[in-house]
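Please open the model in a viewer and keep the selection panel at hand.

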Amino acid sequence: MSDLFRVENLSKSFGGLAVSREISLSMGAGERLALIGPNGAGKTTFVNLVTGQIKPSAGRVVLNGEDVTGLGAVRRVRKGLVRTFQVTRLFSELTPEEHVTLTLLQREGKASRIFSRFRGNSAVADEAHDILGALGLHEVARRKVGQIAYGQQRLLEIAIALALKPKVLLLDEPAAGVPSADTPRIEQALERLPPSLAVLMIEHDMDLVFRFAKRVVVLAAGEIIFEGLPSEVAADPKVREAYLGNYANARSVA
Ligand SMILES: Nc1ncnc2c1ncn2[C@@H]1O[C@H](COP(=O)(O)OP(=O)(O)OP(=O)(O)O)[C@@H](O)[C@H]1O
């Protein structure tokens, strides 16, 4: 699989604390990769480095052959490097439809049309409708976000990310905080993501990881200690050690 996206020797220290240590990995179009590791391993920091929220101490981020390390977060988004956050960042008074439509208008440089309530832009309305439908948010599209279930809010975050037309999508714990009864909805939505999209998911729910990912990367203390198939990860001695001894512990610690 040819590289759509890669990072080379990405490193970051906060004072004396090395939080990312020469991380190198690559992804091809359509790939489904899970990034796992114990709390504090540096997973979110890695996503922050990739998407430009923070600057690396060393290393490069390359998208479609272009070095984007010097670009800010907004320019990286325009080039197709898009993320969601561990905790929702939505406007409780707006509806899902308004969130996605605004994002689409913003993407196309037409955000000033929000004052015309999106009417007269049926292409955008149709696209918003399709994106919300793909994530199973049809029924709540016109409810205020503050009134919809948390699991639906998490799905809306993915909808907003998709409205930005990503090539690489980084999902930071898409199921975090979602009641277990609603996790299957998240899983179904993840299964329906566009096939050509490269998706890197941070997730502590190992069942979700194993069903979603074709490849797993394990970070511990800022370093990649394992990269391989989901079926191999639990038996790897370094992974077992990082998760305090055994896979049973890994599931509870994770
Ligand atoms: N801005 C910062 N300044 C100082 N230390 C930081 C900063 N951001 C993160 N860290 C530290 O970096 C380490 C890695 O944090 P990070 O949030 O990336 O881990 P994580 O693997 O995502 O953890 P979790 O699974 O708990 O979300 C932690 O020790 C954290 O305290």
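**Helix packing around H3**

H3 passes H5 in a right-handed crossing. The model is a predicted one. Select H3 and H5 together: their axes come within 8 Å and cross at roughly 20 degrees. The two helices, H3 and H5, are therefore roughly parallel to each other, since angles under 35 degrees are classed that way.

To view the contact itself, display Pro96, His99, Val100, Thr103, Leu104 and Arg107 on H3, which meet Leu156, Ala159, Ile160 and Ala163 on H5. By type, the residues of this contact divide into seven nonpolar, two polar and one charged.

As with the previous pair, a handedness can be assigned: H3 passes H4 in a right-handed crossing. On the H3 side, select Pro96, Glu97, Val100, Thr101, Leu104 and Leu105; on the H4 side, select Val124, Ala125, Glu127, Ala128, Ile131 and Leu132. Nine residues of the contact between H3 and H4 are nonpolar, one is polar and two are charged.

**The nonpolar core**

In soluble globular proteins, nonpolar side chains tend to be buried together. Which residues touch the most other members of the largest nonpolar core? Select Ala34, Leu35, Ala159 and Val168, which hold that position among its 67 residues. Then colour helix H5 (residues 150-163), which gives the most to this core, with eight residues.

With residues up to four places away in sequence left out of the count, Ala34 touches Met201, Glu203, Val209, Phe212, Ala213 and Val216.

**Helix H1**

Finally, select helix H1 (residues 43-51). Is H1 largely enclosed by the rest of the structure or largely open? Eight of its nine residues are buried, so H1 is largely enclosed by the rest of the structure. The buried residues of H1 to display are Lys43, Thr45, Phe46, Val47, Asn48, Leu49, Val50 and Thr51.

Terms used: Residues numbered from 1 in each chain as written. Predicted model: local features only at pLDDT ≥ 70, side-chain atom pairs only at ≥ 80, totals over all residues. Left-handed = near helix turned anticlockwise from the far one by under 90°. Helix = DSSP H or I, 4+ residues; strand = E, 2+ residues; numbered from the N terminus. Contact = placed C-beta atoms within 7 Å. Nonpolar A, V, L, I, M, F, W, Y, C, P; charged D, E, K, R; others polar. Core = buried A, V, L, I, M, F, W, Y, C linked by C-beta atoms within 7 Å. Buried ≥ 20, exposed ≤ 12 C-beta atoms within 10 Å, placed from the backbone. Axes fitted to C-alpha atoms, helices over the stretch in contact; angles between N-to-C directions. Parallel < 35°, antiparallel > 145°, perpendicular 65-115°, else oblique.
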